[in-house]
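Good morning, colleagues. Please look at the model on the screen while I go through a few local features.

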Amino acid sequence: MIRLFDTHRIRKCRELSGRLWDFTVLDGPRKGEKRRVTVPSCVEKYPGLENYRGKMLYETTFEARGDIRLEFKGVSHFAAVKIDGQEVGSHYGSYTPFAVYGKGLAYGSHCLQVEVDNRFLEEYALDIPNDYTSYGGISRGVVLEEVSRLHFTWLHITPLSAGADGWNIRIEAEGYNLAEEARDAEVCVRIAGQEYWMESKTVSPGERCIWSREATVRGVRTWSPEDPALYSAEAQLYIDGKAEDDLIERIGFRTVQVKDNRILLNGKAIRIKGFCRHEDHPQFGCALPLEAMDSDLRLIRDMGGNSVRTSHYPNDELFLDLCDELGILVWEENHARGLEEADMRNPWFEEQCEQVIREMITAHYNHPSIYIWGILNECGSETEYGRICYSAQYSLIRSLDVSRPCSSASCKFFKDICQDLPDVCSWNIYPYWYDDETAVEKLEKLSDWLNGEGKGAGKPFLITEIGAGAVYGFRDPAKDVWSEERQAEILKKQLEEVTSFAGCMGLYIWQFSDVRVSKEWAMKRPKSRNNKGLVDEYRRPKLAYQTVKEIFGSLPDYWEE
């Protein structure tokens, strides 16, 4: 499954994932070994390849003719794509979609080969041994589209404001011309039974063109966590009066603003009761099926949560579709965790970070559940070089999307020199776990510093990580370290203190579930897992589950003004 709704009516498309592909190991002692595997999936979940790092080949066949577009929703870490033995494109980036083209294919069967590399290499600047697992393989869906020579690449709908006559919006659509001659085309977008036409434009060979206009949509409901109303936006591209191509997106009408130390959703100050979540499961790695994603979100809702932080990378779009439908707010962030200045000076680092940001925002722009963009979790924000990177990435986000605020989670206490850059100041703290300070003491010190030399005065303040660890099933009346009793006790104190601190707009618990860590981190984590989950890796609740449920359940979703 690619999305929870149909994305085309005119353009012919079909899924190439959701079936068996041929797989070949290309490195190591099992080199040349072949087997059949499902796509999407992770190589680490193939028996005998649990610790595999190297190149691998995925192959399948498809029937098509003419011009095709292949979209890969996620391949980790690097992919080189061939059609009938000819390379048609490559991509680095485990968690963002990319597309390649096959032009002028003859009618019949064609061979698709994807060579994947999941090694840790200098040129893969964002994938390093880390406190989670960087899985390898074709881990998200693959779709084949038969496209017209001039066709859509994206459609963005920006809700601007709600007025007496309806919702004011901005419509933007990009088209790409594969033809060797210029083509004239006009665009019509239909939303809630209303049509919005955009002027005819001439698109040169090999060029991209953007149509845009502002409009008012009448008779639609506002999207909110209480009423997650969704609508289809259908764009059609007309050449000589005939609809040649289309693209359908699903949208919600809502606004997000930062004002007076508050994050406002539709003009109301939202209280974040959130969970950090990795895409990780002992059976599926990061290639979770829809049912597992939905189960995770149901558990989060059961605990009283209203938000998910996609730590530390963009998530599968199916997960975001579910959040749209369930009214769960999403902090989505680019792929970078715990990279210090030396890592950030990698010659590929900044370019690859910015590529992730472009691909993330372009692909996920229309999800109403996404209320904030995040970058560079716990990276070198205390250094002058780090500030250059933070500044460049915030500027890029704002050039791509002015409708959402941006932030980054920091742990550089009283040393961070980047707090003037984001719209929201966000901090990761672990009172009673990594230090002896209370949450109140930590928050008071941070607040005083941000309002002074930290240069974060007047901005909303979030706690983006807080929590404690426990090994599932380890019960101890003495509440020893890694016991479920100790985790529940610490979380109770942490949450009660943070939620009573008036200057904090909310928090994200680290984390929803236990996750596997890179083997290089194994000596730091019992069972080779980051064990701070409220549920274990199999989603079995720990004692702290009920503690969080009671506290979150007692708190309203909005702050009183």
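This is a predicted model: local features need pLDDT of at least 70, side-chain atom pairs count only at pLDDT 80 or more; totals for chains, interfaces and linings use all residues.

**A buried aspartate and a parallel strand pair**

Asp 536 counts as buried because its relative accessibility is 0%, where buried means under 20% relative accessible area with a 1.4 Å probe and protein chains only. Residues are numbered from 1 along each chain as its sequence is written, and side-chain values use heavy atoms, with hydrogens and water left out.

Asp 536 lies in the loop between strand S30 (529–530) and helix H8 (543–553); helices (H or I, at least four residues) and strands (E, at least two) are DSSP runs, numbered from the N terminus. The side chains of Asp 536 and Arg 540 are joined by a polar contact of 2.7 Å, that is, a pair of N or O atoms within 3.5 Å, where within protein one must be able to donate a hydrogen and the other to accept it, and residues adjacent in sequence count only if both atoms are side-chain atoms.

I turn now to strand S23. Of its 5 residues, 329–333, 5 are buried. Leu 329, Trp 331 and Glu 333 point one way from S23, while Val 330 and Glu 332 point the other way. Strand S22 (residues 307–310) runs parallel to S23, joined by 4 bridges; two strands pair if DSSP finds at least two bridges between them. Ser 307 has Leu 329 in S23 as its bridge partner.

Methods
Buried means under 20% relative accessible area, exposed over 50%, partly exposed in between (1.4 Å probe, protein chains only).
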